[in-house]
Amino acid sequence: MSLASPMVQEPASVSEPDVAAKVAARSVNVYYGEKHALKDVSVDIPARAVTAFIGPSGCGKSTFLRCINRMNDTIPICRVTGDITIDAKDIYDPRLDVVLLRARVGMVFQKPNPFPKSIYENVAYGPRLHGMARNKTELDEIVVGSLKRASLFEEVKDRLNDQGTGLSGGQQQRLCIARAIAVSPEVILMDEPCSALDPIATAKIEELIDELRTNFTIVIVTHSMQQAARVSQRTAFFHLGSLVEEGSTEQIFTNPKDKRTQDYITGRFG
Amino acid sequence: MTDTSIAPPATGTRTFDYGSDEALARVKRRYQAEGRFKLYGLLAVLFAGAFVFVLLADIVRKGMPAFFEHRVVMTLDLDASLIDPTGRREVDALRNGDYNKIVMDAWRANFPEVTQRAERRRLEALVSSGAADDLRGAILRDPSLIGKKLRFPVLLSDDADLHFKGLSTGMSAVAGNGALDVQVNGREVTLIGSGQPFATILADVKAGLLRDADRANAELARLPASQQGGQNVALDAKRAELTARVADLKRRAGDAGGAEMIDFAAMPSRIVRAEGAFIQLREIGPASAKGFLLVAPQRAITRLDAWTVTTFATPESNRKASDADIAWLESLNARGVIEKAFATRFFTSGDSREPELAGIRGALIGSALTLLVTLIVCLPLGVGAAVYLEEFAPKNRLTDILEVNINNLAAVPSIVFGLLGLAMFLNFFGLPRSAPLVGGLVLALLVLPTIIIASRAALSAVPPSIKEAALGVGASHQQAIFHHVLPLAMPGIMTGTIIGMAHALGETAPLLMIGMVAFIVDIPQAVTDPGTVLPVQIYLWSDLPEIAFQAKTAGAILVLLAFLFIMNGAAILLRRRFERRW
């Protein structure tokens, strides 16, 4: 049932015609030492829509995702060239503060990684860090609001002081989403958010992603083509470090232009 | 069945019969090998366990006496004229009172028969020189005691204490048979029996003479053979002397009825006890014996019906407590005034040349101050270095060299750090010698590599996802480390630190170099005061000739081991309690 709901909304999606791109990448190359991991990728990511990156393992989709909030900076041997802009501002501008960038571009990781602290503290950490709440009441509002938007509040409202690591896998991942949205990001990057979850938890997350689309620009990397089809409006297919094809999800899955895309989505390789 | 397995397979893949005899034998060998390995492991554990048990049991057995002391409870006459002649009860005056005289007067009153100067000195030596200080302390705490009579435990000297701990001589008592007539002439006593009450003792003595003769014979046999012409006069004289001695001893041993003098250098002493009197036998015949009155009887005696003979197994000249000392102590013991008490002094006083007064307080405080300095220097420096190297430092040749050398430092012999401390802290910076400050700094050098290595291991064990999560919500690199990674690594860091500190607590060699090996009576009050530490105190005591210090050494080892166990236990507990799983 929950699998169906995003599908139902798919035709209704009006984000099809390109609105102003929220994130725009031009000729992005990434090198890990000698290895050329991402080759000349240019793509536009529309605002308030879900964009899915698909492709076989090692194709560079996660690498590209991590360029958008400059998480690759933490890898010493990683080198990025090209331009990535958010709202037409270059995020690799040396004057730009990477910490503030990461507050604007939230991230949800493959494996649920809540801090080994209470549920409340997990969500409150970001807002507290950025001084988003002037007092406890405001902080409470942010925490409760974030948990509600992550559809987790009803399940944890009586145990906000319990350890975040004590939740189930799906709940932990929703907690991580709540933590990400607590700092009011404009873009949320999700790196295979459901790969460690069972189908029911996956369905819940997918439902949540669909709800979040109204407020956030979401980029999701996934190995599951069904998932890409279910949750995204736009899809980009990566192969061997290159962006092969990008377009509306419907077009990619029904009428791919490239042979490789077709082979991949029909399951001929990957 | 075996036939089919041997037959070559038709297809390319070989078939294999896992039920064949050969395969079963292989399985059996595998189980045997595993069983043997398990057995070796078990044997090794048992062997090591037995060693640990023997070691601990030995230390406990030797160390327990250090925790007890013997005192004689006496009624002291706190004469105001001796303590406070002015009567103003001023602290300075009270401090200068003649407490030694009070104690000694009471002590000598126990044995009025002791009048000779040398004998009196021996008697007085049985009371510790610390007894007067104890009394002074009691009076200073409560000056209203002056002028009253006070029942007070007077500390005995180490030799007296050792006697009661069974470390002076073996003693065995047998009841004497038959009544004795006693003739007393001053301290000289003659005991005359109606039958032959001393026959068994005399036989015993004579058996001893025979043993002496055998020993002299053996010595004679060891002498080089006489040369022809007899040039070596000294050797010949020695041979003649020994031959004569053997003959004399054999003659005396054979003469069953002849009286014998006790040779206190070679024979066990024999003491006749009766009516509170201690009579040291000096000449024994079968029916009568002459002796010396060590302790006077409660009343004048002319005839003894019940008496015992106590044998002190070790000859008098081979032990520190003389027959008279033991007689006095046993006499007091019989009067019920000797008490055994827990020696709080061992924990509350500093080092002393008098074993019964020596304690480990100075060394304990010294150790505590030293470790405090070590911890204050080591923990921030070590953790800071670890965080920087693990999380911030660029990975290049320089940091690689640094890392290798930190590991090398951990393997440098500790004495080298002592020499470094001597050269740097004492000679270059001019810091005070023997001070816990310098000791702490030297130990910090020693422990720093351990803490850095342990901290780096703990930091790298924190999953990177935690750091990424923090970075993902917009924490800076430093915030991510200090808010999330470091707290998660803290149990590991603490474990490493405690183990490093335990290592520092047990370290001796580097401290010898910087002069913490001095004899220091005062308890250090600050890190710049001269002091010593527990392991060095153990080393110092183990070197001293007094037997009582052997127990002190083992006692101090027990205390050190207790602290080490507590620290390592705390490390394990921390690890168990705060260990997180992701």
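User: What separates the centres of domain 1 of chain B and domain 2 of chain B, taken over C-alpha atoms?
Analyst: 39 Å. The model is predicted: local features need pLDDT of at least 70, side-chain atom pairs count only at pLDDT 80 or more, and totals for chains, interfaces and linings use all residues. Residues are numbered from 1 along each chain as its sequence is written, chains are lettered from A and ligands numbered from 1 in the order written, and side-chain values use heavy atoms, without hydrogens and water.

User: Where do the domain bounds of chain B lie?
Analyst: Domain 1 is 68–164, domain 2 is 176–316 and domain 3 is 358–578. Such bounds come from an automatic or database domain assignment.

User: What makes domain 1 and domain 2 of chain B count as in contact?
Analyst: Contact means heavy atoms within 4.5 Å. By that test, 4 residues of domain 1 of chain B touch 5 residues of domain 2 of chain B. About 350 Å² is buried between these domains, 46% of it from carbon and sulfur atoms. Buried area is the accessible area (1.4 Å probe) that two parts lose on being put together, summed over both.

User: Why is α20(B) called roughly antiparallel to α21(B)?
Analyst: The axes of α20 (residues 534–542) and α21 (residues 548–578) of chain B cross at roughly 160°. Angles over 145 degrees count as roughly antiparallel, so α20(B) is roughly antiparallel to α21(B). Axes are lines fitted to C-alpha atoms, for helices over the stretch in contact, with angles from 0 to 180 degrees between N-to-C directions. Helices are DSSP runs (H or I, at least four residues), numbered from the N terminus.

How values were computed
Helices (H or I, at least four residues) and strands (E, at least two) are DSSP runs, numbered from the N terminus. Angles under 35 degrees count as roughly parallel, over 145 as roughly antiparallel, 65 to 115 as roughly perpendicular and the rest as oblique.
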